[in-house]
Amino acid sequence: MYASPVKQASGDARGSRPGLIGGLDFGLLAAALGLIAVSVYILTMATQDDVPGSPLYYVIRQAIYGAVGVCLMLIAARVDISRLREHQRAIYAAMIGSIMLVLLVGVAARGSRRWIELPFFRFQPSELGKVLLILALSAFIVDRVRRLGDRATTGRIVVLALVPALLVMAEPDLGSALVYVAITAVLMFVAGTKWTHMAALGGIAAASAVIVLLALPTIGVEVLKPYQVDRLTAFANPTSDPQRQGYQLQQSITAIGAGQKTGRGPEGATQTRLDFLPEHHTDFVFSVVGEQFGFLGAGLVLSLYALLLWRALRILTSAKNLYGALVAGGVTAMLMFQVFVNIGMTIGIMPITGVPLPLMSYGGSSVLVTFLAIGLLQSVSAQARSTDMAKTRELSTA
Amino acid sequence: MYLDNRRPPITPQLAFRVAIMGGVALLMFSVIFFRLWYLQVLSGDRYVGEANDNRVRDIVVQAPRGQIVDREGRMLVDNRTALAVKITPAELPKAVPAQNDLYTRLGDVLNRSPRKIRNDVSEQLEAVPFSTATVKQDVDLPVVQYLMENGDDFPGVTVERVFLRRYPFDEVGAHLFGTVGEVNEEQLEGKDYRGAEQGDRVGQSGVEATYDRYLRGRNGATRVQVDAMGALTGSLSAKQPRAGRQLRLGVDLDVQRKGQQALGTGRRGAFVVMDVKNGEVRALGSTPSYDPNLFAKSIKQSDYDRLSDPENGNPLANRAIQGLYPAASTFKLITATAGLEGGLIDPETPVSDPGSLNVGGTVFKNAGGAVNGVLSLRRALSVSSDVFFYKLGLEADGEGEGLLIQRWARRLGIGRKTGIDLPGELSGLVPSPKWRAKVNRQGIGDGRPWSAGDNINLSVGQGDLQTNPLQMAVAYAAMANGGRVVTPHLGKRVEDGDGRVLQEFPSPGRRRLKIDSENREAILDGLRQAASEPGGTSADVFKGFPIPVAGKTGTAEKGLGRPDQSWYMALAPYPNPRYVVAVTDEQGGFGAETAAPAARRILAALFDVRGQEKKVVKGDSRTF
């Protein structure tokens, strides 16, 4: 009873490699498509006055990124990620290389150098780095899985992660650096690094945070730019100075709160339309949802993320090997961290770190990389299914 | 075949770790969910308010003050539009050095110190955060044009059209109309200026203050929507300003103007012209006067100091209601009333005037050493016999409590506020034994006990008596109208812009005194004779004047070599007077010398007597 539909599907899967979306996890696909659709819709409403004379400037671009991203996802879903494992050094080198390239020839905007100018769009290596780090680090961990308890292994993992993290922090791109850290922590956690090591690393991280934020500035050494410290501490006291970073936060909370239960509608959403809400197409896009469509709209978006993360965790558990599980875990970590830090930022419970909201925030690199990551999840899922199918076939023939 | 052994079944450890990740995710979702619930469902109203505060700005549209017109509807006070340079805080540079540069440039153009501009602006913005702050009112057009043409150098600087008060007759009637000035903290809290908003200019003195609630309009507001940069994105609603009401005074502009001319420039004095029946003030003035236009925009400290300097005669003081003068012989009307009504004399009682009166070794003489012989009341008033009234004063001091004159003075309104609709009135003083005992107790008197001499001095309006032309006018009016003590008033009614009556002010209350009509007629006769019959103190002044006048001269001795103060009180037309005219000149000398001729000129204007305006007849009487 239970096996037959799967068997049915496997028949298709085995013949010609299935159709365009065959073998994909539909929940994951639906959540991703739903989010990019909501993003395009919200941008239509929120950015109509942002670029004079071209009300659809951001919408068209985001739609194209979405379309390209979906293709990228479908391609990635077909990749046998075990092959990628063999190229871990190349992947790691590509990651470091591209980030270094940014530091050398990158395009600066608003005080940070994060982009490489390409013919069609600005490529942000720190975004791609998130996926590359997952792939490379997972491979390294799989290679060392038998020596996972060694301090040397933990140390190497930390070094491998810290190099790109510190490099993007130099751009400066604090948000991506934090995502790298989150990815690494979750990879180690999923792989089973000793609790003692995790605790020690946690302690070191906490101590360095205190040193960077409090101790060093008092003796005159600035690791973070003043504005970054501002942003990190603003959420603790958002109204202290409305002209500075707390202002964004205050406006974001006002926008979301003013949305009430069902929202003010695109026309009535004055916080967005009159530009009181800064960065409303990128970092603060969730606030736009909150203002325009209220608790209901925000709830819908949250549900889509819940679906996305539930499917990701599900795929993690069904992965056919450790590498797949780690990649799935890394992608889950990357999505989860960004969703919670971004939304938390807009509602005043997280620091302002400049982390985009996956698939919702406007931005080519972020959208493409997120789809790429979801494609990897689909690949892990597909492998697991084909293994399941093989198993089923075995059982039925026996 | 074999089971796929490449795929390790999910280990319990991994399952546990994934469960923890799921748990963390669940926890985070719950936190976000409840935070959103709190923000959007529980506190949504508050944030809707905040969002609206963000985008909505009220731009105040100043309401012009109401005009003030005279009894004929002639314009006394109106408004003019002027250009004011203001600062819009949203467009001001944020950096302090940039602001200072701006204030320096602005200071050069407007000829003001940058520090002062900065202080002014920050003070105003502190009071009303999003409103504009005024830097300078009434800026000349070329300056405005320069600012407009170089707009880029003056970020946040705007020019607005504002209404400023205009007093077309400058110094004429200044003490009546009063001044306007920015409403202060105390006034905003009090109830007299209810409805006034920060930055409004309200009446600070004169009828501008008394009738402020009618004259002040209601400011309008244009409610606009602005974006984050403070740029206008649309108009939401507009509340039209409502201009202030027009105030009609009982004042007659011609008389007011003539009165001021009659006092003359460089003098210190005051005059009052009042309707004896209802207390309507036809004219009231004080000299030296000032130009209230100086107060229309913020007055300069140096101007204010000059106008309140006693060396310059304190032009801001209204001597008609704030003067504290001995009334000299004009007070004899009160002494006469007291003597008649108190039964000391009747109109025909003969009294001997040998030229002086010796009381306990002190000799009280007639002015100029005159010897009038035996006379009765009418003649005594006419020639202003001092001895006649000395005797009444002496007699009154011995009768009962010795307060006969004091009581009648109080009844007739001397030494108490008249209740005129002008702020700042002083009550003055009628000296009495009780008063002298009090000042001696307080150590501010000269320690001398009350004596008959004090009462004798009071009987001829000398000594410690402190009164002013308005109080004297009220007393004379009571005598003229049959014993009604009127409340002088200026305001007649409130009108709309076309002169239609909105509210008529009823004539304020009057006290009625019982004065025997025979006594009253005798006093009026005496005053008439003084202004008409040979030997009358002001007969030569009013010789040939077509309107029959009854009047009394007065000359107050100031002692210490200071010039005497000249007084004249006139009632006209005799025998049924309609008006009382009071004139005093602090350094005018004898009453017949300056005050009486001034009164003649005022009466000429009042009764529209042609060909009299230039005519000044100085009387020869040298009586006190």
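**Chain A and its partner**

Modeller: In chain A, among contacts between residues at least 6 apart in sequence, 69% join residues at least 24 apart; two residues are in contact if their C-beta atoms, placed from the backbone, lie within 7 Å. This is a predicted model, where local features need pLDDT of at least 70, side-chain atom pairs count only at pLDDT 80 or more, and totals for chains, interfaces and linings use all residues. Residues are numbered from 1 along each chain as its sequence is written, while chains are lettered from A and ligands numbered from 1 in the order in which they are written.

Colleague: Is A:S365 buried or exposed?

Modeller: A:S365 lies in helix α16 (residues 364–397) of chain A; helices are DSSP runs of H or I, at least four residues, numbered from the N terminus. A residue is buried if 20 or more other C-beta atoms, placed from the backbone, lie within 10 Å of its own, exposed if 12 or fewer, and partly exposed in between. Because A:S365 has 22 other C-beta atoms within 10 Å, A:S365 is buried.

Colleague: What separates the C-alpha atoms of A:S365 and A:R122?

Modeller: Along the chain, A:S365 and A:R122 are 243 residues apart. Their C-alpha atoms are separated by 7.7 Å.

Colleague: Which element gives the most to the side of chain B that touches chain A?

Modeller: The contact takes 41 residues from chain A and 37 residues from chain B. On the chain B side, the elements giving two or more residues are α1 (12–42) and α2 (44–55). The one that gives the most, with 19 residues, is α1(B).
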